[in-house]
Amino acid sequence: MKYLYKLFIYIVLLSVATGYAEEHKLSIKNVGGKDATPQTKKVNATYAETLNFKDIRAFENNRKGLIATFDQKTGDIIRNSFNFIDENSANRAPATVNPSLWRQAVLNQQAEGLYEVLPGKIYQIRGADLASISFIKGKTGWIVYDVLTTQEAASQALKFFQQNVPKGGNLPIVAMLYSHSHADHFGGARAIEEAFPNVKVYGSKNITKETVDENILAGNAMSRRAAYQYGATLGRNEHGIVDAALAKGVSTGQITYVKPDYELNLNSDVENLTIDGIKMIFLDASGTEAPSEMVTYIPSMKALWPGEVTYQGMHNIYTLRGAKVRDSIKWSKKINQMIAMWGDEVQVLFAPHSAPIWSTEEITDYLKLQRDAYGFTHNQTLRLANNGYVLQDMGEKIYEVMPGSIQKSWHTNGYHGTYSHNARAVYNMYLGYFDMNPANLNPLPIKSESAKFVEYMGGPEAVLKKAQKDFSDGNYRFVATALNKVVQAEPNNIKARAMLADAYEQMGYQSEGAGWRNIYLTGAQELRLGKVTPGAPKTVSADILSEMDPGMLLDYIAVQVDALKAQYIPFAINIIVDGKTYFVEMSNGNLSNIEVETPMNNTDATITLSADGFTKILLSQARLKELIESKEAYLEGDDTVLDKLVSTLVKFDEEFEIVPFSKETVDSKLYQ
C-alpha cells in the first residue's frame with residue numbers, strides 16, 4: 001500500500017532537503033580570483049611540454065555525426081554558461097588552468113547538440129548535463145538510455161530530440177534504462193514517465209537498494225561535499241570552474257526516480273533481453289564504477305554501451321564527494337571481459353560520458369588501455385604497500401612508477417579520478433586508513449591537535465612568517481598543511497586565512513583533476529568570505545524516497561536518530577505493507593527493523609493510515625491522533641508511538657563546516 005510508504009516519507013522529510021540540484025545559490029555574479037603566481041605559471045608551462053597536443057582523435061570523434069546544435073533554451077541548461085572557453089584553444093591554456101584540464105574543458109565544450117551515432121538507429125544528446133542521454137530505435141518506438149540528472153533537463157532534452165531527430169520524432173519512448181545507481185543517470189526519469197506513462201523501466205542489478213545506500217543514507221554529507229567537488233558557487237571563468245571532467249557540469253532542478261519494472265537477474269553475470277524487438281546482452285558490472293552497474297551490447301548494431309565503466313579520462317576509484325571505495329581490479333577485469341566477449345566484432349562504442357568511438361581496432365585499443373590503467377593502479381599500489389609504502393606516501397609514489405603509455409594517453413589522464421587519490425583508495429580498501437605508525441593510531445581531534453601544533457611551532461606569527469617564505473618559493477602544499485593548523489586553532493586569524501586561501505587557489509590552478517581544482521578554489525572562497533552556503537544536487541528527494549521499500553526508508557530514518565535521546569524512549573511496532581510485515585524496535589538508542597512472516601507479539605502499536613490522512617499530516621493540517629479520532633487512520637495500541645520516534649530525530653546541517661568558518665572576510669572584492 002503506497003500510503004504507508006508515504007507515512008515513512010513524512011517522517012523522513014522532517015529532516016531532509018527537497019531534492020533540488022541548486023547551483024550558484026549565492027547571488028555571486030562574476031566570481032573571480034587572483035592571478036597565477038610566477039611559480040604556478042612555470043609549473044603549468046613545464047607540464048604542457050609533456051602533453052601530446054598533436055593527438056586530436058578525441059576531437060574528431062566529438063564532432064562526428066552532429067545533426068542539430070542546441071537552441072538557446074537547451075544550451076542554457078549547462079553549455080552556454082561556459083562560452084568563455086574558446087573551442088580552438090585546446091593547446092593554449094590560461095595561466096590559471098592546468099593545460100591538460102583546459103584541453104579536456106575545450107573537448108567537453110564542443111559537445112553541443114543532437115548527434116547521430118548510427119544512422120537511423122542510435123542518437124545522443126551531449127552537452128545538456130553531466131551525462132548524455134541516448135536514444136535507440138526499437139520496433140515500435142525509442143529506447144532511452146540514461147536520462148540526465150534532473151527532471152527539467154530531461155524534459156528539455158526530450159523535446160529537443162523529438163524536434164530534431166531526422167525520422168521518428170513522433171514515436172513514443174517505450175523503454176527507459178538506467179545503466180547504474182548514480183543520479184546523473186536516473187534523475188530525469190520522471191520527465192520521461194510523465195511524457196510517456198506506459199514506458200517500461202529497466203535497471204542494473206539491485207539499483208534501488210544501492211541508490212539508497214550510496215545516495216540517501218549519507219546523502220546530506222555527500223551533497224555538502226559535492227558542492228566542493230563540482231564547484232557549485234565558483235564563477236564560470238578562467239579563475240573558477242572550467243569543467244566537471246565528465247562533461248561541463250550538473251543541471252539544476254529536481255532529481256527524480258522511477259523505480260524499475262525490471263532489474264537485472266540476481267543470479268547471472270550475463271543476461272539476454274529483447275526490448276521492443278532489439279536483442280540486448282547485459283553484463284553485470286556492479287562494484288566497478290558504481291555498486292550497481294551494467295554494460296550493454298546490441299548484437300544487431302554491433303554497438304557497445306559500457307555504462308560509466310569507461311570514459312575519456314581516468315575515473316574515480318574513490319570519489320571525492322564520498323562513496324564506497326570501488327574495486328579497481330574488478331573494474332579492470334570487467335573491461336577485459338568486454339574485450340573478450342565483443343572485442344572482435346564491436347564497431348561502435350557509445351557511452352553516457354564522452355563521444356563515441358568507431359572501428360573495431362580503435363575501440364579495442366581504447367578498452368585495453370582503460371583496462372590497464374585500472375589494473376596498474378590496483379597492482380602497483382599493492383606492490384608498493386607490500387614494500388612498506390603507506391597511505392600518505394602512495395599519492396606521490398604512484399606517479400613515479402607509471403608507464404609512459406598511460407601517462408601520455410589523453411583518455412587515461414586524471415581529470416575525474418586522479419591516480420593520487422585513487423591509489424590511496426586502493427590502499428584504504430585493503431589496509432584501511434591506519435598505516436601502523438603508532439603516532440597515527442589515536443591522534444587528538446583536529447582542532448585540539450591543531451592548537452598544539454601551533455603552540456609547538458612557536459605560535460601563529462611564527463608559522464605565518466615561515467609560510468610566507470614557502471609561499472614565495474611556490475611550496476604551496478606545505479603552506480596549506482601548516483596554515484590549516486593555524487586556521488583550525490584560530491578561525492578568526494585573518495592573515496592566516498588570507499594566505500591559506502591564496503595557497504589553495506594556486507594549488508587549484510595547477511590541478512589536472514577537475515574535482516581537485518574545484519575543491520581547492522571553493523576552500524579558498526569559503527576562507528575569504530567566512531561562511532558560504534553552496535548549493536549542490538540533493539539526492540535525498542521526496543520523489544526518490546517515494547520509490548523506496550519500507551525497510552529501506554526505515555534504515556534511513558535510523559541514521560537520523562539521536563541515540564542519547566532515544567535511549568530513554570524504547571518502543572516496538574508492527575508495520576504491514578502489501579502483505580509484508582516489518583517489526584520496528586527502538587532499543588539502546590538504536591532503531592532496527594526486520595521483515596517477518598507474521599506480526600510480532602508484545603508490540604506497542606500497529607498503524608494503518610490512509611493516503612488522505614498522510615497528506616494532512618504532511619501539510620501539517622492534522623496530527624495522527626486527530627486522524628484516528630476522525631477514523632481516517634487506524635492504530636492499535638499506543639497512539640504516541642510516532643511522536644516518540646519523531647522526538648528522537650535530528651535535522652541534518654546542510655551547511656556544516658569544511659574549512660573553519662569565520663564572521664570575518666578577506667579579499668571579498670574578488671567575489672563581487
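**Exercise 1.** Find which residues of helix H26 are buried, and where they lie around the helix.

Solution. The model is a predicted one. Helix H26 covers residues 641–648. Its buried residues are Val641, Leu642, Leu645 and Thr648. Viewed down the axis of H26, these buried residues fall within an arc of 125°, so they line one face of the helix.

**Exercise 2.** Describe how helices H16 and H18 are placed relative to each other, and state which residues make their contact.

Solution. Begin with the extents: H16 spans residues 446–456 and H18 spans residues 476–489. Their axes come within 8 Å and cross at roughly 115°. Angles of 65 to 115 degrees count as roughly perpendicular, and H16 and H18 are therefore roughly perpendicular to each other. The crossing of H16 past H18 is left-handed. On the H16 side, the contact is made by Ile446, Lys447, Glu449, Ser450, Ala451, Phe453 and Val454. On the H18 side, Lys485, Val486, Gln488 and Ala489 take part. Sorted by type, the residues of this contact are 6 nonpolar, 2 polar and 3 charged.

**Exercise 3.** Decide whether Ser450 is buried or exposed, and list which residues it contacts beyond its neighbours within four places in sequence.

Solution. Ser450 belongs to helix H16. The relative accessible area of Ser450 is 1%. Buried means under 20%, so Ser450 is buried. With neighbours within four places in sequence left aside, Ser450 is in contact with Lys485, Gln488 and Ala489.

How values were computed. Residues are numbered from 1 along each chain as its sequence is written. This is a predicted model: local features need pLDDT of at least 70, side-chain atom pairs count only at pLDDT 80 or more; totals for chains, interfaces and linings use all residues. Side-chain values use heavy atoms; hydrogens and water are left out. Axes are lines fitted to C-alpha atoms, for helices over the stretch in contact, and angles run from 0 to 180 degrees between N-to-C directions. Helices (H or I, at least four residues) and strands (E, at least two) are DSSP runs, numbered from the N terminus. Angles under 35 degrees count as roughly parallel, over 145 as roughly antiparallel, 65 to 115 as roughly perpendicular and the rest as oblique. A crossing is left-handed if the near helix is turned anticlockwise from the far one by less than a right angle, and right-handed if clockwise. Contact means heavy atoms within 4.5 Å. Ala, Val, Leu, Ile, Met, Phe, Trp, Tyr, Cys and Pro count as nonpolar, Asp, Glu, Lys and Arg as charged, and the others, Gly among them, as polar. Buried means under 20% relative accessible area, exposed over 50%, partly exposed in between (1.4 Å probe, protein chains only). The arc is that of the directions from the helix axis to the C-beta atoms.
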